Amino acid sequence: MAKRPIFQEVSDLAPAAQLPQGGMIDAAPKGARGAIRAWLVVLFVMVAAMIALGGATRLTGSGLSITEWKPVTGVLPPQGEAAWTAEFEKYQQIPQFHQENPTMDLAGFKRIYWWEWAHRLLGRAVGAVWALGFLGFWLTKRIPPGWTPRLLTLGALGGLQGLVGWWMVSSGLVAGMTSVASYRLAVHLGLAFAILGLIAWYVLQLSRPEAALMRARRAGEPKLFSMSTGLMHLAFVQILLGALVAGIDAGRQYTGWPKMGGEWVPAAIWDSALGWRNVFENAATVQFTHRMVAYLLTIFAVVVWLRARRSPHPVTRGAFTVMLAAVAFQVVLGIVTIMHGAPLPEALAHQLGAVALFVLIIRARHHARYPFETSVRGTIR
């Protein structure tokens, strides 16, 4: 072997293949994390639009305009006047027409029909985007390890949502009903928010490499994560209560604030004839509960924010501050909506505010568990 100079770099002699290549996590196949994240962002926007369009459908009283469930043939709207007349005749057979819209003509029917048709069409589009995306990533073997069950869960929940949607609509077609059952509406909306929340969490998970997430978790704040999890659950309960308010138009029956009908606790809060159904069917009970939980949610959000202020991670502190601002905005928007009798623009803004708040809570919760690393040079992203 030839002699080498004393000060020659060892790296000059080491074969490239023998240089350190990183740990097992870095060497593992990563899949198309960026592409899947982009696909999930599209699904997120579509589901958020579904929630908004569903709210508009409910507020315009359009949800019962289509009295049949045709997952395939229902894609196309009625073709020609004869088909429109046939659809209108089906609507004329249900209680909503006889009790609420007996003077409605074909032109008026078309207006409510298009809301429900667009809502169902967008639901089908969401299913198609999920199916095409999943099959494309799965067939090309680009799904990261461990992600196939998660993405399949989204598809299963989407299919279940379609069934729940018809289960909800069918409740309004029976004798004595002029709208869908409020508790079924709550289930339908709750499932939509569960799907939206899962998508948001998955997008956040895919925003950083797996190795970076594992390092970040070691610096996570379990107490703050636990508190934000509780806040997320309470916000979800409030969303369900909001669905009950919308389901029986309770927001249009008590329009004063801070009192309800001039009383701190409305006298009509309990109807002995309804019994346990007061929780779902009594406008005074439903709106009073919704207001009280809103106050509780606000107080809890402040407590969580005060705890987050002690976080050593600037990005985490910022995420919780944004979350608290969203809570304050949503409370003000809710009060404005109630005081104006829940008109369509304000009510839709309030529903979209719930979407934004729920996602911002999830984002802050994610930062509590997976904080961005910080150094003397700033945040490491």
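These questions and answers set values from a predicted model against the definitions behind them.

Q: What makes a feature in this predicted model count?
A: Local features need pLDDT of at least 70, side-chain atom pairs count only at pLDDT 80 or more, and totals for chains, interfaces and linings use all residues. Residues are numbered from 1 along each chain as its sequence is written, and side-chain values use heavy atoms, with hydrogens and water left out.

Q: How many helices and strands does the chain have?
A: The chain has 13 helices and 2 strands. Helices (H or I, at least four residues) and strands (E, at least two) are DSSP runs, numbered from the N terminus. The C-alpha atoms fill a box of roughly 105 × 55 × 30 Å along the principal axes.

Q: Why are H2 and H7 called roughly antiparallel?
A: Helix H2 (residues 33-59) and helix H7 (residues 182-205) cross at roughly 160°, and their axes come within 9 Å. Axes are lines fitted to C-alpha atoms, for helices over the stretch in contact, and angles run from 0 to 180 degrees between N-to-C directions. Angles under 35 degrees count as roughly parallel, over 145 as roughly antiparallel, 65 to 115 as roughly perpendicular and the rest as oblique. H2 and H7 are therefore roughly antiparallel.

Q: Which residues make the contact of H2 with H7, and of what classes are they?
A: On the H2 side they include Arg33, Leu40, Phe44 and Ile51. On the H7 side they include Leu189, Phe193, Leu196 and Gln205. Contact means heavy atoms within 4.5 Å. The residues divide into 17 nonpolar, 1 polar and 3 charged. Here Ala, Val, Leu, Ile, Met, Phe, Trp, Tyr, Cys and Pro count as nonpolar, Asp, Glu, Lys and Arg as charged, and the others, Gly among them, as polar.

Q: What is the handedness of the crossing of H2 and H7?
A: The crossing is left-handed. That term applies if the near helix is turned anticlockwise from the far one by less than a right angle; clockwise would be right-handed.

Q: How do you know how H2 and H5 run relative to each other?
A: H2 and helix H5 (residues 106-139) cross at roughly 165°, with axes that come within 9 Å. H2 and H5 are therefore roughly antiparallel to each other. H2 passes H5 in a left-handed crossing. Their contact residues divide into 20 nonpolar, 5 polar and 1 charged.

Q: How do H6 and H7 pack?
A: Helix H6 (residues 148-170) and H7 pack at about 165°, with their axes 9 Å apart. That makes H6 roughly antiparallel to H7. H6 passes H7 in a left-handed crossing. Among the residues that meet are Leu154, Leu157 and Trp167 in H6 and Tyr183, Leu191 and Tyr202 in H7. By class, this contact has 15 nonpolar, 5 polar and 2 charged residues.

Q: Why is Gln205 called buried?
A: Gln205 has 9% relative accessibility. Buried means under 20% relative accessible area, exposed over 50%, partly exposed in between (1.4 Å probe, protein chains only). Gln205 therefore counts as buried. Gln205 is found in helix H7. Leaving aside neighbours within four places in sequence, Gln205 is in contact with Arg33, Trp147, Leu213, His366 and Tyr370.

Q: What makes Leu64 buried, and where does Leu64 lie?
A: Leu64 is at 2% relative accessibility, so it counts as buried. Leu64 lies in the loop between H2 and helix H3 (81-91). Not counting residues up to four places away in sequence, Leu64 touches residues including Tyr91, Ile94, Val169 and Leu173.

Q: Where does UniProt place the feature "binding site"?
A: The unreviewed UniProt entry places it at His290 and His350. UniProt positions are given in the numbering used here, feature names are shortened, and annotations may be inferred rather than shown by experiment.

Q: How do you know that these two residues gather at one spot?
A: They span 61 residues in sequence, yet no two of their C-alpha atoms are more than 13.3 Å apart, so they gather at one spot. His290 lies in helix H11 (residues 283-308), and His350 lies in helix H13 (residues 344-369). Leaving aside neighbours within four places in sequence, His290 is in contact with Gln238, Leu241, Gly242, Val245 and His350.

Q: Why is His290 called buried?
A: His290 has a relative accessible area of 16%, so His290 is buried.
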